[in-house]
Amino acid sequence: MQDPIMPVSILPASQVPAPPILQVSGLHKWFGTLHVLQGIDFSVAAGERVAIIGGSGSGKSTFLRCLNFMEMPTSGRIALDGTPLGRASAGKPDEVRYPESELCRVRERVGMVFQQFNLFPHMTVLENAMEGLVTVKRMKKAEARERALRELDKVGLGNKTDVYPGRLSGGQQQRVAIARALAMEPEILLFDEPTSSLDPELVGEVLRVIRQLAEEGRTMLLVTHELGFAYHFATKVIFLADGVFHEVGTPDEVLKHPRQERTRAFLERFTEFSF
Amino acid sequence: MSYQWDFSPVLTRWPLLLDGLLNTVKIAAIAIVFGVLVGLVLALLRLSPRRSLRLPAAVFVEFYRNTPPIVHFFWFFYALPVVLNISLDPLVAAVLALSTQSGAFYAEVFRGGIRSIERGQWEGAKALGMTHTQLMRRIVVPQAATRMVAPFVERSFELIKTTALASTLAYGELLYQAMMVNSETFRPLEVYSTVALLYLVLLVSCSALARVAEARLTAYR
């Protein structure tokens, strides 16, 4: 089988360890009585690309969604660029309050691409890409338009600007969603299974765009089932199981030479029907 | 026996009926405007995360859903003067009764429309850094509005027909004027057939307008 995804040219790691742009400590998430995330400590340096893998229900999407507060962490702290987010209430360090204005600022800096695209169906492709700039960043229309067009060109949809999302294929819609997130110039990009709802023949066009972003040295976190892509894309791979980081390492360490039995069993399920 | 239809005594009194028709349109239009305002406030209260705001709104809506409209008319017209020493003219009492009642129903239309917007749309907007107000204004309400058109029109038609109850307060809308014409002509069959036809023409014209509005709002689909 021909793999349409070529390896990423990994940028040389700088000699000095970069300070973490994102830091997570003691992250727990409960849904009712279900303990989904069971204490996660983790940090990402600028320019790192992290692939998060794991079985369904392992908590990998929940973990990603906690990072831009699509889900509110039950306890634990998240720091962006060294600044802890939210305010701990006096006497109860576990109870962190997040004012809406702070969450909005964080989400401007931490972009997200969803499995279901979540494009705005009542706006054209161009309007989708401009929306955050005009409404959130209060940018002038002409300027927003210029930047949105630039990002749409980058994802290869500069010719679809006046089309409504409903007229596009899943792969095209996801590329618009990526352009919409990019237009905000986020410092970190989160991808929540960006190709999981796509027909197999459309996966490549989305992965190619993500690879291109990797080549630009962007900081990205990707939850995925595309292990081959994760191998080429990531500087770090995390195997999440039962709400904890079961194994963390380079793509080679985790995907080719896993040390944990559980990781090995998970990876074997993926190669079971390969040819 | 064969009934001799004769519309001429009714038709010669057309100014009375026209007056009634205009008053029906007037009271309906005013009640729709106020009803929408009441409905918006109630819907916002019912969608609030705070129970102390949700509960009173829910009680209000349930009260109006579960009591007959004519009781509301009588209450505003006859009870208010006794209880609060406020005497209302028939138009004001009827508008109050109609707009509070239809406000309760409109609130459910608005709330249902907003709740029907998928979670992904809220999340897509939030992930761009939008505040609650921004995402409601830019993303949720514009989409919800298109889904509200059909039930909104339905409720408004109910409201227009309910304006006939204002006749019980001696407000000169179409039905009241018809009763006047009837008392002069003793031709109930002709009078009420004419009135039915006038309501029909009024509502069919309204629904044609509504279809145009709906087509415009949903043009993107």
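**View 1. The largest nonpolar core has 82 residues.** The model is predicted; local features need pLDDT of at least 70, side-chain atom pairs count only at pLDDT 80 or more, and totals for chains, interfaces and linings use all residues. Residues are numbered from 1 along each chain as its sequence is written, with chains lettered from A and ligands numbered from 1 in written order. Within this core, Ala51(A), Ile52(A), Ala129(A), Ala179(A), Leu190(A) and Val237(A) have the most contacts. A nonpolar core is a set of buried Ala, Val, Leu, Ile, Met, Phe, Trp, Tyr and Cys residues joined through C-beta atoms within 7 Å. Buried means 20 or more other C-beta atoms within 10 Å of a residue's own, exposed 12 or fewer, partly exposed in between; C-beta atoms are placed from the backbone.

**View 2. Val237(A) and its contacts.** Neighbours within four places in sequence are left aside. Val237(A) then touches Ala51(A), Ile53(A), Ala230(A), Gly249(A), Pro251(A), Val254(A) and Leu255(A). Contact means C-beta atoms, placed from the backbone, within 7 Å. A second, separate core has 27 residues, including Val10(B), Ile32(B), Phe76(B) and Leu98(B).

View 3. Helices (H or I, at least four residues) and strands (E, at least two) are DSSP runs, numbered from the N terminus.

**View 4. An open sheet of 4 strands in chain A.** The order is E2-E1-E4-E5, with antiparallel pairing. Strands pair if DSSP finds at least two bridges between them. Strand E2 (34–45) and strand E5 (83–84) of chain A stand at the edges, each with a single partner strand, so one side of each has no neighbour in the sheet. Strand E4 (residues 75–80) of chain A is joined to E5(A) by 2 bridges. Leu80(A) stands opposite Thr83(A) in E5(A).

View 5. Residues 20–45 of chain B are 100% helix and 0% strand, with end C-alpha atoms 37 Å apart. Residues 191–213 of chain B are also 100% helix and 0% strand. Their end C-alpha atoms lie 33 Å apart.

Conventions:
Two residues are in contact if their C-beta atoms, placed from the backbone, lie within 7 Å.
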